[in-house]
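Let's take a friendly walk through a protein chain together. Have a look at the sequence and the 3D picture, and then read on.

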Amino acid sequence: QVQLAESGGGLVQAGGSLRLSCAASGSFFSPNVMGWYRQAPGKTRELVATITSGGNSNYADTVKGRFTISRDNAKNTVFLQMNSLKPEDTAVYYCNAKKAYGPSITMYDAWGQGTQVTVSS
């Protein structure tokens, strides 16, 4: 029922910035957690940042101080502002939206198709 569409990826030089967007659409209850994950070539998918409907955010240590996650609850959209990008940030970035009432009660856990972010030296 939930569809996610990412945008904003691209090629940028080290030290540059990008802003990713992800809009949720369909018939669904508003997600209480939205976030971004990434997967670099040859590596597993890892968490980048998450944000709750109440505005509480969490970041991976590798991006703290450089990335900022935000959301527009009215539009069910989540953003990721990425500053001071490094070559090691190169990956496919995936949007995630989750509706849950606890660790064992999940109504949905949706994923986007991903958007490529490439940071050159």
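How many helices and how many strands does the secondary structure of the chain come to? The count is zero helices and 11 strands, where helices (H or I, at least four residues) and strands (E, at least two) are DSSP runs numbered from the N terminus. Read from the N terminus on, the elements run β-β-β-β-β-β-β-β-β-β-β. The radius of gyration, taken over C-alpha atoms, is 14 Å, close to the 14 Å that the globule rule gives for 121 residues, so the chain is as compact as a globular protein of that length. That rule is 2.2 Å times the number of residues to the power 0.38. Along its principal axes, the C-alpha trace spans about 40 × 30 × 25 Å.

Before going further, here is some background. This is a predicted model, in which local features need pLDDT of at least 70 and side-chain atom pairs count only at pLDDT 80 or more, while totals for chains, interfaces and linings use all residues. Residues are numbered from 1 along each chain as its sequence is written, and side-chain values use heavy atoms, with hydrogens and water left out.

Now follow some of the strands. Strand S4 (residues 33-39) and strand S5 (residues 46-52) run antiparallel and are joined by six bridges; two strands pair if DSSP finds at least two bridges between them. Here Met 34 stands opposite Ile 51 in S5. S4 and S5 form a hairpin with six residues between them, and Gly 42 in the turn has a positive phi of about 80°. S5 is also joined to strand S6 (residues 57-59), by three bridges, and these two run antiparallel. In this pair, Ala 49 stands opposite Tyr 59 in S6. The hairpin of S5 and S6 has four residues between the strands, and Gly 55 takes a positive phi near 95° there.

Asn 76 lies in the loop between strand S7 (67-72) and strand S8 (77-82), and Ser 84 lies in the loop between S8 and S9. Asn 76 is buried, with a relative accessible area of 14%, whereas Ser 84 is partly exposed, at 41%. Buried means under 20% relative accessible area, exposed over 50%, and partly exposed in between (1.4 Å probe, protein chains only). Buried residues make up 41% of the 121 residues in the chain.

Next comes a covalent link. A search of the whole structure finds one disulfide, a term for a pair of cysteine sulfur atoms within 2.5 Å. Cys 22 and Cys 95 form the disulfide, with their sulfur atoms 2.0 Å apart. The pair links distant parts of the chain, since Cys 22 is in strand S3 (residues 18-26) and Cys 95 is in strand S9 (residues 91-102), 73 residues apart. The torsion about their S-S bond is about -85°, so the disulfide is left-handed. Cys 22 counts as buried because its relative accessibility is 0%, and Cys 95 counts as buried at 0% too.

Where does Met 107 lie? Met 107 is in strand S10 (residues 105-111), and at 40% relative accessibility Met 107 counts as partly exposed.
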